[in-house]
Amino acid sequence: MIKLEVKKNAYYDSVTLMIISKEIKKLNGVSEALVGMGTDLNKEIAQNIGVSTPELDNAVSVNDFFVAVSCESEAAFQAAIQTVEELLNKKSAAKASAYQPPTLEGALKIDPALNMAVISVPGKHAADVAQSCLDNGINVMLFSDNVTIEEEKALKNYAFEHELLVMGPDCGTAIINHVPLAFANVVKSGDIGIVAASGTGTQEVSSIIDQLGGGVSQVIGTGGRDLKKEIGGLMMKLGLDALRNDPQTKVIVLISKPPAKEIATEMLERAAKAGKPVVVCFIGGDRKEVESYGLVAAVSLEDAAHKAVALSRGERAADYTGFTMGEQQAEKQAKSIAGRMAKGQQYVRGFYTGGTLCDEAMKLMIGSLGHIYSNIPLHAEDKLPDAKGGKSREHTFLDFGDDEFTVGRPHPMIDPSLRAERVVADGKDPSCAVIMADCVIGYGSHPNPAEDLANAIQTAKAEAERAGRHLCCVCAVCGTEGDPQCLSRTQKQLEEAGAVVLPSNAQATRFVARILANLRQEG
Amino acid sequence: MIATAVCRRLLVFFKEAPRSGTVHSVFDHAVNLEFEEREGLAGLIAKPKAFTPYAVSVRTEIPFSQAGVRAGMAAVAADGRIIISQAGLEIDCLDASSVDLSLDSISISPAAQRSAQAEILDWVLAEADAGESLAPLATGAGETVYTRFLAPRFSALEKAVWAEDEKASTEAAERFAGCGPGLTPSSDDLLCGFLAVMRLLAREQKRENLPNLIARTAIAAAKKTNRISATFLLQCGEGLVNEPVLDLLTQIFQNSEPDRIRHAAKRVLEIGSTSGADMLTGIALALRQRMGGNEH
Amino acid sequence: MSKLNELFGQQLHVVNFGIESFCDDLVSQKVDAIHVDWKPVAGGDPVAASNLRKLKKPELASKIDAANREALQRILAAKPAIVGLGIAGEVIPGMTQKTILHAGPPVTWARMCGPQRGAVIGGLIYEGLAKDPAEAEKLAASGEIKFDPCHMHDAVGPMAGVITASMPVWILENKAFGNRAYCTINEGLGKVLRFGAFDDEVLTRLRWIERELYPILKEAVAIKGEIDVKVLIAKLLQMGDEGHNRNEAGTSLLIRELVPAILRCDRTQEQKLNAYNFINGNNHTFLNISMPAMKCTLDPIFDIPYCTVVATMARNGTDFGIRIAGLGKDRWFTGEAEMVKGLYFPGYEEKDAARDMGDSCITETGGIGGFCMAAAPAIVQFVGGQVSDSIHYSTKMYEITVGEGQSYKIPALDFRGSATGIDLRKVMETGIRPVINTGIAHKNPGVGQVGAGIVYPPEECFKTALAACAEAWAK
């Protein structure tokens, strides 16, 4: 049926009416519709699309507004009329979306005071973007990986000369002027300055500092290759010198894997001249050399945090290798867990989203285990050929943030699903005794990274239980109470899934070592 | 109103037959008249405006625009009078002196260092506040968007004229004319100065075909510009120039003292807002005789 | 103290490239942060990226930069004015009885789209070269007719853009550089030649324009004298027009200039009234002024060596073509014209539409039209956008232009001069293509306009142009 509604002497803009016509046509039971002013043109269109009526032709003037609808029923027509009214009266809720310029040039036009760039574009383009930022006097945090060492060297040479930062490539963490960049935690402000060549290592240290009641002044990332010979620690030097001159910084923490000998010497010499206490955490490195320069050596990331906080309070920096729950309680719990395990359960599987945390765990544990197979092995012969597709072998630790796992998908701290699948898969392995996992929270990370992990732990434990085994899952959460995901809430989530949650990666590692030791004794 | 001087060519035109036409445009110190038999306009000129070809110089106390003359009015020339009856205006030309504004009236002294003379003009241009004129084309200082636009086009024109390549020169003139704002676009003024000198150089160097080519080049340029500017270009093609330019070219080609050349150049400079400077630029450029059409 | 220590004392202002959530995190913490909508150079095309690198070598880059600044200065110095009207065959250079000018880059009869063919048929009948459509088609295909782009003859034409020898044209002149541009008188909406209609109604109207309207307009302009179009365009941008797809204000302004002169024409009252009613009854009258105004504004940049500014964008419903100032007038770079995204008049849909067509995007090339969408928010409704979208469209264009206008200003952008002088390099570098507001023609000849919307030039034409620049200038 053809229906017509006319409003005398009402004017609406033709474009608005065209949009409304289009909307009305979409309604159920409506096959054609024309909403418009009674102009000759519109009458002609009505004719052409078959919604014309004699009334429209004769009684509707150019000053009248009409709705002509070809529809199935009176109800459909009424619905159309109502929709027209709604659309006519609708004030568009203008969303004030911010303009996103497509280039740095455009961004500088909006804010000429830009002084820090966070770059996470694909690696092959990253150096170009970074250089253009440096050219404009903007410091760079280069999150991207797959930047060649030649590119890195060129960028850093330029930056060093111009006293600009190039944090990265592959730098996940920095806190500059109390602003957490990329993957970083909400750490109280304080007097501890950190220069670090490691991402999650830095998150671990800064988070524990926060947990201990301390705070940070600046956290400068350098990227993992900064202390390689080719780069020569340019950013470590720049950062160290800046922290030395920074009145807000009372204690300095250096974090890195053990660097090449001559670079280490150069850095330690420089650190020795800082004129303030420097804690050096060369993960798994030689503490004697550090101490020979009068510097404080840390035995773990957690220990670095403890020592830095102590020094900032003017206290003595003693090694921290214990358990927050107490030595006896830890032993008791480990023994009890080992006691519930079935025969044949003997291996640990560490599944990490944080590379440095994975590395630290292996280094802290290797002594008692001999071999730990990994995609980032401590010894070349322990390299797993196909970490992603293949199966775990005996004691296996995997860094899910390594290239092999991140091709074509986001970093596991953003998308932890692959790791969760592996937890379930290895839980089925009768030789698996313990699954270790980190859970990194803070800005940049998944809004609730514990969820996937907790579900996986629950599933894995239940399946093992059904198969007559007791699977132990040991976790440490890296983060602070101030983080959007909240430390205690995350810990609780994992505990409720049946995980044993320890306050730090080092403690979790020591705890697992005790379970394995108990298993060996029993075996 | 009394006419003090009449261009000899106009006098001839008027004497041939009574002429009837209309007022084309009216300014304070000039009225342009158009007659059916002529493409170019004829003019009534009052001081301080320079005397131009096909014009009558008139002594008057009030500006033409206030004397009731309006565009579109009928104008008649007969019996030694020009009458615009609607404005009640009658100009008696009977006692006016007949002035020859022809370049051919200049007697050329034996060849001189023309480029040195050009240098004098460059100095006059450089010292003057020539604002938006095309002077940088001659002096090389203070290029503008117009001079950069015109430089390659002028080179092409210069080269074509010296090579006596009529096709190239008319095409180049078409590309050159009509550039710049104002009643007479700057590039047209420059062209007038340039072509006028070229006509004299042609005589000096006995290049017999050149005057014809100059005339055709001027006609080509005139097609690309407005009526008033076209009038001057066409006159120039015929070998007629305004009085200050004629005087300057006389000083130059009679090898007068630099001071006299300078003085005459300054009179040209005073024409219009930039017209004088543009004409001087054209004159200076032609005197350099860059036969290859130098790159700018 | 190093500069780094100075940074420690400053407020952090962050620019983010890549993962957008890093920026969201900062914004949620009230840190000053801007996310850059980054795309790989040349959309990741390695050949284009390598050509860009060649043009970026410092020595060449500085030549190009200087040339482009010169081009911008010329564009800004332009003074387009209406100087009169004339008959195409008499005033357009190179025009002959058997020449048909059309919109866009060169195209053969065989490849012409429906509406353009329709307009050619109409044009041939109008000229008396054919007596009916069948004869016209035969003649068009015979090779006897010379088809040439308007752009190669100092002219522009909207939509099909057909100009034949007898058609009256507006004559515009760029007073600053003395060059001229020509465009027909707009016929109105609906069934008209520029949309490929050629029935008696269309031909009758064309003849009326030639015999009745043209003499009056010519006389009126002669009485009125030159009309400064730059001033009109500057004004219409303050009045809700953008000079391409919305011409209400422009047409009104033109009428204000012309009517007193029309009244003084030596014609009957009825003739004058008819002329007035025709130009007043057609909102797009001014389009055929803004187009040649921008055409004569842009043409003077053609002889600047090393200039990568886009001097022409034009389409013929088959191909989209651009010309680059430094590569000269004879080189077109083309790609398949795209479909227009927009709003269709009731009764029509996208499948009815012809591909993007017409020389009208000369307006965008010169910095108005889509580049001034923020000045005409009504336009953005064609693509279902909001006022803020129109501002974004205009703002984005600054990323690909050499500079900004001095006369054409956008009120909603705090009277910022419109983005002017499209730099080919920047288009390739940012992946941002010039935004064009346009009408949509029906794909069949003679139906007319079926909608309006927004369209972009195909990437292909920029890519090939870039390659040609690299080949010509990078040693």
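Predicted model: local features only at pLDDT ≥ 70, side-chain atom pairs only at ≥ 80, totals over all residues.
Student: How do you know what the radius of gyration of chain B says about a compact globule?

Tutor: A compact globule with 296 residues would have a radius of gyration near 19 Å, and chain B has 19 Å, so the value agrees with the rule. Along its principal axes, the C-alpha trace of chain B spans about 55 × 35 × 35 Å, and its secondary structure comes to 11 helices and 9 strands. Among the contacts in chain B with a separation of 6 or more, 64% are accounted for by residues 24 or more positions apart.

Student: Which domains does chain B have, and how many residues of domain 1 are in contact with domain 2?

Tutor: The domain assignment gives domain 1 as 2-99 and domain 2 as 103-287, and their C-alpha centres lie 26 Å apart. Contact is a matter of C-beta atoms within 7 Å, and by that cut-off 12 residues of domain 1 of chain B are in contact with 11 residues of domain 2 of chain B. The side of domain 1 that touches domain 2 has 5 nonpolar, 5 polar and 2 charged residues.

Student: What makes up the side of chain B that touches chain C?

Tutor: Here 13 residues of chain B are in contact with 11 residues of chain C. Helix α4 (residues 145-162) of chain B gives the most to this side, with 4 residues, and by class the side has 7 nonpolar, 4 polar and 2 charged residues. For the complex, the predictor gives an ipTM of 0.80 and a pTM of 0.74.

Student: Why is α12(C) called mostly covered?

Tutor: The cut-off for a buried residue is 20 or more other C-beta atoms within 10 Å of its own, and 12 of the 12 residues of α12(C) are buried. Among them are L287(C), I289(C), K295(C) and L298(C).

Student: How do you know whether the span of helix α12 of chain C agrees with its 12 residues?

Tutor: At 1.5 Å a residue, helix α12 (residues 287-298) of chain C should span 16 Å, and its end C-alpha atoms are 16 Å apart, so the two agree. As for the predictor's confidence, the mean pLDDT of chain C is 94, and 100% of its residues reach 70 or more.

Notes
Residues numbered from 1 in each chain as written. Chains lettered and ligands numbered in written order. pLDDT = per-residue confidence, 0-100. Contact = placed C-beta atoms within 7 Å. Helix = DSSP H or I, 4+ residues; strand = E, 2+ residues; numbered from the N terminus. Nonpolar A, V, L, I, M, F, W, Y, C, P; charged D, E, K, R; others polar. Expected span 1.5 Å × (residues − 1). Domains from an automatic or database assignment. Rg over C-alpha atoms; globule rule 2.2 N^0.38 Å.
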